[in-house]
Amino acid sequence: MDHSLTQKTGNFSEWLIEKLLFLAGVSSILIISLIFVFLFKEAIQFFRTGTPMDLIGKWVYDPWEGKTVFKMMWQSVSEVPKYSLIPLFCGSFLVAFPATVISAVLGIGCAIYLAEIASPKVREGLKPTLELLAGIPSVVTGFVMLAVIATFFQNLFNTKFRLNAFVGAVGVSLAVLPIMITIAEDAMRAVPKELRDASCALGATKWQTIWRTVLPTAVSGISAGVILGFGRALGETMIVLMATGNAALVTGNVFSSVRTMTANIAAELGSVAQGSEHYYALFLVGAVLFTFTFVLNLFSEIVLTRMRQKLRM
Amino acid sequence: MAQAIPLRISQLIKPQACLEDIFLDILVRVFAFIPIGALSFVLFMIIQKGAGTITWQFLTQSPLDGMTHGGIFPCIFGTLAITLLMILMALPLGVAAAIYLVEFAGQGLFFRVTRAAVNNLAGVPSIVFGLFGVGFFILFIGRNLDKVIQTGLLFGQPCMLWAAATLAVLVLPVIIVSTEEALNTVPQSQRSASLALGATKWQTIWNVVLPQARGGILTGAILSISRGAGETAPILFTGCAYFLPRLPVVKLWGVVPMINPFDQFMELSYHIFIMATQSLDAVKTLPIQYGTTLVLIALTFLLNLTAVLFRIHFRKQMGTAGVQ
C-alpha cells in the first residue's frame with residue numbers, strides 16, 4: 001500500500017514530532033560513539049607518561065637477585081608502578097576460554113534438544129526457564145560461587161587456591177549459557193524442513209540427520225553464538241571479581257588465582273586519583289576490553305546477518 | 001508442492017535406533033536439564049540459607065554496629081529509587097527510538113547502522129558502562145555544568161543522578177528491542193486503514209499503533225527494571241555508598257519529601273558485593289549476605305516472572321486476534 005497518497009503536507013507539529021523521534025533514533029549510535037570517544041580520550045593520555053613497552057613489561061632492579069630483570073606485572077601501588085597488560089590478558093583468557101567451552105558444549109546440546117527433539121510443550125516450559133536463568137543478577141551468581149561452590153570445587157579438585165580461574169569460569173558459563181542456547185537454537189530452527197525430510201528419505205536416522213545435515217547447515221549461526229558468548233564472557237565483571245581471587249599472575253593454570261581486565265578496573269578505579277597515570281592506565285584497560293568485545297560483537301553480527309540472508313533465499 | 005504431502009517424510013520413516021542414538025538422546029536431555037538444575041540450585045540455596053534472616057526488622061532497619069547487625073532498609077530504598085529514576089530516563093528515549101526505527105526509518109542504511117549500534121550496545125561489558133559513567137557523565141557533563149552555572153561541586157561528583165543515567169544507557173537496548181517487537185506485531189493493514197480515514201502519521205501511531213503495542217512495551221520496561229536492579233558494575237563508581245546513615249531524601253520547600261538525585265545511596269546488589277568481599281568479618285555477616293541476596297533475587301525473579309507470563313499472555317492475545 002502506498003501511503004504517500006494520503007500524506008498531509010505542511011503540518012508543523014507532525015514535522016517536529018518526526019524530528020524529535022529521529023533524535024531518539026540516533027541516540028544509540030550517539031551513545032556507542034560517545035563510549036568510544038570518552039574511553040579512548042582518557043586512555044590515550046596514558047602515553048603522556050608511559051610507553052607502549054610499559055604495557056608488556058618493565059626492566060626493574062630486583063634486590064633479591066641483585067640485577068635488573070624484565071617483569072611482566074600489574075602492580076599499580078609500588079615504588080615503580082608497573083602496568084603490564086599481560087597478566088590481565090592471561091586472567092581474562094583463562095576465565096573466558098573455559099567458560100566459552102563449557103557453555104558451548106552444554107548450549108549446543110541443549111539447543112539440539114530444544115530444536116530437534118523436545119515436544120512443543122516441553123519447549124514452552126524450557127524457554128521461560130532460560131529467561132529466568134538469564135535474569136539472575138551476576139552479583140548473585142558471584143556470591144553463590146564465592147560462598148558455596150568455591151569450597152566444593154576446592155575439595156573436589158584439591159586445588160591450592162580456593163578462588164581460582166576455573167571457579168570463575170563455571171560461574172561465567174552460567175551467565176553466558178542462555179544467550180548461547182537461544183542463538184544456536186534459532187540457527188537450527190532456521191534450517192529448512194525439506195533438508196531434514198530429504199535426509200530421512202535417504203534412510204538416515206534422526207541423529208545421522210542432526211549430525212550430517214542440520215549441524216553443518218547451522219554451523220555459521222552456531223559459531224556466531226559462540227563468538228558472542230566469548231565476548232560476553234570477556235566482559236563479565238561481578239562474577240570474576242568475586243570468584244577468581246584477584247591475583248594478577250602470568251600463568252597458564254586454570255586452577256590458579258587470576259585477575260581479569262574487568263575485575264582489575266572494578267577493583268582499582270574506586271581508589272584512584274583522577275588524572276594520575278594509574279587512572280589513565282585503567283581507562284586504557286577499559287578501552288582494550290571495549291575494542292575486543294566490539295570486534296567480537298560486530299563479527300558475530302555480520303555472520304548472523306549473512307546466514308539469515310542465505311537461508312531466506 | 002510440499003504442502004500436498006499430509007505427513008512429513010521424517011515421520012513416516014522410522015529407522016531402527018541404534019545404541020549410539022539412544023545414548024545421544026539421553027545426553028542432550030541431561031544437558032537440557034542443566035539450566036533448570038542450575039536455576040533451582042541457586043534459588044533453593046539462597047532461600048534455604050536466607051529465609052531465616054528475613055524479619056520485619058531486617059527489612060525496615062538501617063545497618064548497625066559497623067554493618068554487622070541491623071537491616072537493609074536503605075539498600076531497598078536506594079534500589080527502588082535508582083531504578084525509578086533510570087526508567088524515567090530510559091523508557092521515553094527507548095520507546096521514541098523504537099517508534100522512529102519501525103515507523104519512519106524504512107529498511108535502508110540508517111536502519112541497519114542503528115540495528116548494529118543497538119546490538120553492540122547490548123554487548124558492551126557492564127564495567128565499561130561504569131567507566132563511561134565516570135568519564136562522560138561525572139567528569140565531562142557534571143564538571144562542565146558546575147563551571148557554567150557556578151554550583152560549586154554539585155553535578156561533578158558521584159551521585160544517584162549519574163548512576164541512574166549510566167543504568168539507563170545500559171538498559172536502553174532492552175527497551176528498544178522489545179518495543180520494536182511490539183510495534184511490528186501491529187498489522188500493517190490497521191495503519192493503512194487509519195491513514196485512509198484521514199489521520200496523519202502521528203495520529204495513527206498515537207491512536208492506533210501504540211495502544212496495541214502497550215503490552216509489549218510494558219514487558220520491556222519490567223525486564224529493564226529487573227536488569228537495572230541487578231547490575232552492580234556500572235554503579236560502583238558512579239554513586240554507590242558503602243554505608244550512608246541517612247536516606248537519599250530531600251524535603252522540597254521543607255515539607256514534601258523527594259528522592260535526592262544529588263546524594264549518594266546504598267544499593268542491594270552493591271551491598272551483597274561489599275558484604276561478601278570487604279566486610280569486617282565475612283563469616284559473621286554471612287546471614288546478612290544471604291538475606292540481602294534473597295531480597296534482591298526475590299525482586300528480580302518476580303519482575304522477570306511477571307514479564308515472562310505477561311509476554312505469553314500478550315502473544316496468545318495477538319495470536320487469537322490474528323485468527324479473527
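Colleague: How many helices and strands does the secondary structure of chain A come to?
Modeller: This is a predicted model: local features need pLDDT of at least 70, side-chain atom pairs count only at pLDDT 80 or more, and totals for chains, interfaces and linings use all residues. Residues are numbered from 1 along each chain as written, with chains lettered from A and ligands numbered from 1 in written order. Helices (H or I, at least four residues) and strands (E, at least two) are DSSP runs numbered from the N terminus. Chain A comes to 11 helices and 4 strands.

Colleague: How far apart are the centres of domain 1 and domain 2 of chain A?
Modeller: Chain A splits into domain 1 (11-48) and domain 2 (85-312), with bounds from an automatic or database domain assignment. Going by C-alpha atoms, the separation between the two centres is 29 Å.

Colleague: How many residues does each of those domains bring to the contact?
Modeller: Two residues are in contact if their C-beta atoms, placed from the backbone, lie within 7 Å. Domain 1 of chain A gives 7 residues to the contact, and from domain 2 of chain A come 8 residues.

Colleague: What classes of residue are on the side of domain 1 of chain A that touches domain 2?
Modeller: Ala, Val, Leu, Ile, Met, Phe, Trp, Tyr, Cys and Pro count as nonpolar, Asp, Glu, Lys and Arg as charged, and the others, Gly among them, as polar. Sorted that way, this side of domain 1 of chain A has 5 nonpolar, 1 polar and 1 charged residues.

Colleague: At roughly what angle do H4 and H6 of chain A cross?
Modeller: Angles run from 0 to 180 degrees between N-to-C directions, and axes are lines fitted to C-alpha atoms, for helices over the stretch in contact. In H4(A), the residues A:Leu130, A:Leu133 and A:Ala134 meet A:Pro178, A:Ile181 and A:Thr182 of H6(A). Split by class, that contact has 5 nonpolar, 1 polar and no charged residues. The axes of H4 (residues 120-134) and H6 (residues 165-189) come within 8 Å, crossing at roughly 145°.

Colleague: Which helix gives the largest share of the side of chain B that touches chain A?
Modeller: Across the two chains, 80 residues of chain B are in contact with 80 residues of chain A. The chain B side divides into 56 nonpolar, 18 polar and 6 charged residues. Its largest share is 16 residues, and they come from helix H2 (residues 19-50) of chain B.

Colleague: How far apart are the axes of H2 of chain A and H5 of chain B?
Modeller: On the H2(A) side, the contact uses A:Ser28, A:Ile29, A:Ile31 and A:Ile32, while H5(B) brings B:Val113, B:Thr114, B:Ala117, B:Val118, B:Asn120 and B:Leu121. That contact has 7 nonpolar, 3 polar and no charged residues. Helix H2 (residues 27-43) of chain A packs on helix H5 (residues 109-123) of chain B at about 55°, and the axes are apart by 8 Å.
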